[in-house]
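Have the sequence and the model open side by side.

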Amino acid sequence: SFNVNSYLPAIVTTLCSGRLQVNAGGRAMLLAPGEQSVYDRSSGAMRQREVDTRDFIAWKEGDLYFDNNTLAEITGYLSRNYDYQFGFDDPTLKELRFTLDMPRPATLQAVLDRLSKSRNDFTFRVKGRTVEVIRHNHQ
């Protein structure tokens, strides 16, 4: 079993079990369980590294799992999986980091509630299929 993520500037392939040969840019790499290949589309470079597979296969188990990810990374994932667009009134909010491990809920609102309860300096405002991330101004 393996996961391929092509939403990033790189194509990331993570192997959980079995063996997998990855071919990209004229290169070949054999992966063992717990290993990952990262192919950089712009440079053509491919590298191999060991990883914790939980980060990459949670979706297969029906879970949402983020480990110290930025809010920009998390909202990118949520946008693709729940079909919502995200906007930020303050670009620095994109760099906030979160760790989240929960069964994947049927609604986006459950995820937004969990994220917003962990901090008190921002909130989410949903209008149609758009979610605005708004910084609270504490006086």
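This is a predicted model: local features need pLDDT of at least 70, side-chain atom pairs count only at pLDDT 80 or more; totals for chains, interfaces and linings use all residues.

How many salt bridges does the structure hold? The count is three, and here they are:

| Pair | N to O distance |
|---|---|
| Arg135 and Asp90 | 2.7 Å |
| Asp121 and Arg119 | 2.7 Å |
| Asp121 and Arg135 | 3.7 Å |

Put together, Asp90, Arg119, Asp121 and Arg135 are linked in a network of salt bridges.

Start with arginine 135 and its partner aspartate 90, whose closest N and O atoms sit 2.7 Å apart. This pair ties together distant parts of the chain, 45 residues apart: arginine 135 belongs to strand β11 (residues 130-135), while aspartate 90 lies in the loop between β8 (85-88) and β9 (97-103). Arginine 135 counts as partly exposed because its relative accessibility is 23%.

Arginine 135 also meets aspartate 121, with 3.7 Å from N to O. Here again distant parts of the chain are linked, 14 residues apart, with aspartate 121 in the loop between α3 (108-117) and β10 (122-127) and arginine 135 in strand β11.

Is aspartate 121 buried or exposed? Its relative accessibility is 14%, so aspartate 121 counts as buried. Aspartate 121 also forms a salt bridge with arginine 119, at 2.7 Å from N to O. Arginine 119 comes out at 32% relative accessibility and therefore counts as partly exposed.

Now for the glutamate. Glutamate 35 is in strand β5 (residues 35-40). Side chains of opposite charge can pair when their charged atoms come close. Glutamate 35, though, is buried and has no salt bridge. Which side chain of opposite charge is nearest to glutamate 35? That would be arginine 19, 8.8 Å away, whereas a salt bridge needs the atoms within 4 Å.

Glutamate 35 does have a polar partner: its side chain and that of glutamine 48 are joined by a polar contact of 2.7 Å. Leaving aside residues up to four places away in sequence, glutamate 35 touches several others, including Thr13, Thr14, Leu15, Leu30 and Val51.

How values were computed: Residues are numbered from 1 along each chain as its sequence is written. Side-chain values use heavy atoms; hydrogens and water are left out. Helices (H or I, at least four residues) and strands (E, at least two) are DSSP runs, numbered from the N terminus. Buried means under 20% relative accessible area, exposed over 50%, partly exposed in between (1.4 Å probe, protein chains only). Lys and Arg count as positive and Asp and Glu as negative; His and the chain ends are not counted. A polar contact is a pair of N or O atoms within 3.5 Å; within protein, one must be able to donate a hydrogen and the other to accept it, and residues adjacent in sequence count only if both atoms are side-chain atoms. Contact means heavy atoms within 4.5 Å.
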